[in-house]
Amino acid sequence: PNSFDFKKMAHVLGLKAPTTSSRSLQEASKRAVTLYRHCLRAIPAAVYHHQLRFTEKETKERIRKVFEHNAKHTNPKIIDLLIIQGYQDLEETMMLWNQRVQIESLLAPEDAEVNLTSTVLGSKNKTFLERFYEGTA
């Protein structure tokens, strides 16, 4: 996988964010399923090249949870907005524009909030130099 061509992968996946709006909920749902399939096809390369802390199976489960979380929306305009955002995130991931931390925060937002909160609150009572010497500043 070292010679993986991200531009070719982006072309194969057809990573052009759709600019047309869905006319019905069924059309928006079909577009969401297409985005989901594109995400699943990109998992092996993303896990390998971004050195994610999740396995391919865990990444697949987390992507499924993201889509299930957004399945509650019934307004085609909102679904279209989420689809466009999803294609942008996928393209940024495949072109190596996203950092590992950004991808992991998309896949595990609960972990990102806990880490940020513990980092901020844990170092609140210390001076800058104390945090600097510990390597947490």
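In this predicted model, the side chains of Asn98 and Thr93 make a polar contact at 3.2 Å. Asn98 is found in the loop that runs between α4 (76-94) and α5 (100-107). A relative accessible area of 7% is under the 20% cut-off, so Asn98 counts as buried. Its surroundings can be listed too: when neighbours within four places in sequence are set aside, Asn98 is in contact with His50, Asp89, Glu92, Thr93 and Ile103.

The protein chain contains seven helices and zero strands, and from the N terminus on its elements read α-α-α-α-α-α-α. Of its 137 residues, 27% count as buried. The accessible surface of the chain amounts to about 9800 Å², and carbon and sulfur atoms hold 55% of that area. Among contacts with a separation of 6 or more, 73% involve residues 24 or more positions apart.

In one, the side chains of Asp80 and Arg31 come together at 3.0 Å, N to O. Asp80 belongs to helix α4 and Arg31 to helix α2 (residues 25-50), so this pair ties together parts that are 49 residues apart in sequence. Asp80 is buried, at a relative accessible area of 6%, and Arg31 is buried as well, at 14%.

Another salt bridge joins the side chains of Glu104 and Arg53 at 3.3 Å, N to O. This pair also links distant parts of the chain, since Glu104 sits in helix α5 and Arg53 in the loop between α2 and α3 (56-70), 51 residues apart.

Arg64 is partly exposed, with 33% relative accessibility, and Glu68 is partly exposed at 47%.

Finally, the surface deserves a look. Phe128, Leu129, Phe132 and Tyr133 form a nonpolar patch there, and together they have about 510 Å² of accessible area. One of these residues, Leu129, is placed in helix α7 (residues 128-134). Leu129 has a relative accessibility of 48% and therefore counts as partly exposed.

Definitions and conventions:
Residues are numbered from 1 along each chain as its sequence is written. This is a predicted model: local features need pLDDT of at least 70, side-chain atom pairs count only at pLDDT 80 or more; totals for chains, interfaces and linings use all residues. Side-chain values use heavy atoms; hydrogens and water are left out. Patches are made of residues with over 30% relative accessible area and no salt bridge: like charges are joined within 9 Å, nonpolar side chains (Val, Leu, Ile, Met, Phe, Trp, Tyr) within 5 Å. Accessible areas come from the Shrake-Rupley method with a 1.4 Å probe; for residues, only the protein chains shown count as cover. A salt bridge is a side-chain nitrogen of Lys or Arg within 4 Å of a carboxyl oxygen of Asp or Glu. Helices (H or I, at least four residues) and strands (E, at least two) are DSSP runs, numbered from the N terminus. Buried means under 20% relative accessible area, exposed over 50%, partly exposed in between (1.4 Å probe, protein chains only). A polar contact is a pair of N or O atoms within 3.5 Å; within protein, one must be able to donate a hydrogen and the other to accept it, and residues adjacent in sequence count only if both atoms are side-chain atoms. Contact means heavy atoms within 4.5 Å.
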